[in-house]
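Hi there,

Here is the structure I promised to pass on to you. Have a look at it first, and then read my notes below.

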Amino acid sequence: MASPSGTSSGSSMLLQNSGSEEDLQVLMDQRKRKRMISNRESARRSRMKKQKHLDELAAQVAQLNNDNNQLLTTLNLTTQRYLTIQAQNSVLTAQVGELSHRLHSLNQIIGFFNASNAVFEAADYASTTFIDPAPNSFFNPMNMNHMNQPIMASAEAMLQY
């Protein structure tokens, strides 16, 4: 019942099947290798992208540190200038107080002289023998008949002291 041709046709079918299976295995291996190569390339690109991002972040950190140092330097200089100006302002405020006090005292002295001159001038009108003092006389040593106004001081004059 078994014919030699049936056996040979069965074995050739097995050979074809085994050839197909081998081809299929080869094809699967090729696809697998392609996937591996593709995955490796993708991983390499991912690592390169990650490294590029890290490099950019490192450059940004360096730039921010540089900016921070510049800001700190500017802040220190500004603080130093502020302290210097504040000290100068304190000195000027003290000088203004002192000069205001001097001006007030001088205005009081002028007022006193003006009051004294008024008394002597009134006595001059009452007496016919009293002679009007000379401009540089004892009664008017600074010739202040026309000085009924307070002394005014300017900022430039204050800065000289």
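Let's start with a question: does Met28 count as buried, partly exposed or exposed, and why? Met28 counts as partly exposed because its relative accessibility is 46%, which falls between the 20% and 50% cut-offs. You will find Met28 in helix α1, which covers residues 4-126. Together with Leu24 and Leu27, Met28 forms a nonpolar patch on the surface, and the three share about 270 Å² of accessible area.

Please keep in mind that this is a predicted model. The mean pLDDT of the chain is 78, with 61% of the residues at 70 or more. Take care with residues 1-15, where pLDDT stays under 50 and the model has zero contacts beyond four places in sequence.

Now for the chain as a whole. There are two helices and zero strands. Of the 161 residues, 6% are buried. The accessible surface comes to about 14000 Å², and carbon and sulfur atoms account for 61% of that. If you take the contacts between residues at least 6 apart in sequence, 68% of them join residues at least 24 apart.

One more thing to look for is the aromatic rings. Searching the whole structure gives one aromatic pair. Its members are Phe112 and Phe113, in a tilted arrangement with 6.1 Å from centre to centre and 55° between the planes. Phe112 counts as exposed because its relative accessibility is 56%, while Phe113, at 23%, counts as partly exposed.

Enjoy exploring!

Best wishes

Key:
Residues numbered from 1 in each chain as written. Predicted model: local features only at pLDDT ≥ 70, side-chain atom pairs only at ≥ 80, totals over all residues. Heavy atoms only, no water. Patch = residues over 30% accessible without salt bridge, like charges linked within 9 Å, V, L, I, M, F, W, Y side chains within 5 Å. Areas by Shrake-Rupley, 256 points an atom, 1.4 Å probe, with all protein chains shown as cover. Salt bridge = Lys/Arg side-chain N within 4 Å of Asp/Glu carboxyl O. Helix = DSSP H or I, 4+ residues; strand = E, 2+ residues; numbered from the N terminus. Buried < 20%, exposed > 50% of the residue type's maximum accessible area, 1.4 Å probe, protein only. pLDDT = per-residue confidence, 0-100. Contact = heavy atoms within 4.5 Å. Phe/Tyr/Trp six-rings, centres within 6.5 Å; stacked < 30°, edge-to-face > 60°.
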